[in-house]
Amino acid sequence: MNNENTVKTTVEELRKLLAIQNFVGEAVETEDKLLIPVMKMGLAFGAGMGEGKGPGDNSSGKGSGAGAIAGVEPVSMVVVTKGLSGPEGIKVLSLTSGSQLSKAIEKAGTVITDVMQEGKSIMKERSEAKETPEAEETPEED
């Protein structure tokens with residue numbers, strides 16, 4: 001195998017490794033929920049080649065090599081509740097302790113979802129109130 005083929009073969013194998021199904025795992029289905037694991041991946045890659053002569057004129061050589069390593073870690077679980085549509089039917093559960101920033105973003109997402117749900121309820125109540133005719137007031141007699 002020549003130097004170019006070594007690197008080319010390694011890069012092709014890395015492309016297979018970086019496929020989306022390696023980041024989003026197989027869904028697990030229960031009676032009322034669909035659980036989808038999400039991973040993060042770390043990757044290192046290196047390649048090299050060399051050529052040289054020994055102390056005498058008779059010995060010489062050349063060679064090449066390439067290698068890669070990857071690690072996968074689960075980071076969250078997407079939980080889809082069957083029968084609930086919209087944002088209230090989807091939750092993302094963190095599987096890592098995370099940084100303060102990631103915790104703040106997660107809390108903000110929860111608060112925004114709650115506020116949207118509350119706003120939806122208020123708008124529904126107002127809409128229903130407009131559709132319901134109020135009892136006509138009769139003027140009181142003196």
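Modeller: We will go through the strands and their pairing. This is a predicted model, where local features need pLDDT of at least 70, side-chain atom pairs count only at pLDDT 80 or more, and totals for chains, interfaces and linings use all residues. Residues are numbered from 1 along each chain as its sequence is written, and side-chain values use heavy atoms, with hydrogens and water left out.

Colleague: What is the order of the strands in the sheet?

Modeller: Strands of a sheet pair through backbone hydrogen bonds, either parallel or antiparallel. Here an open sheet of four strands runs β1-β2-β3-β4, with antiparallel pairing. A strand is a DSSP run (E, at least two residues), numbered from the N terminus. Two strands pair if DSSP finds at least two bridges between them.

Colleague: Which are the edge strands?

Modeller: They are β1 (28-29) and β4 (90-94), and each pairs on one side only.

Colleague: How many bridges link β1 and β2?

Modeller: Two, in the antiparallel sense; β2 covers residues 33-53. Val 28 faces Leu 35 of β2. A hairpin of three residues connects β1 to β2.

Colleague: And how many bridges link β2 and β3?

Modeller: There are 21, again antiparallel, with β3 at residues 60-81. Lys 53 has Ser 60 in β3 as its bridge partner. Six residues lie between β2 and β3 in their hairpin.
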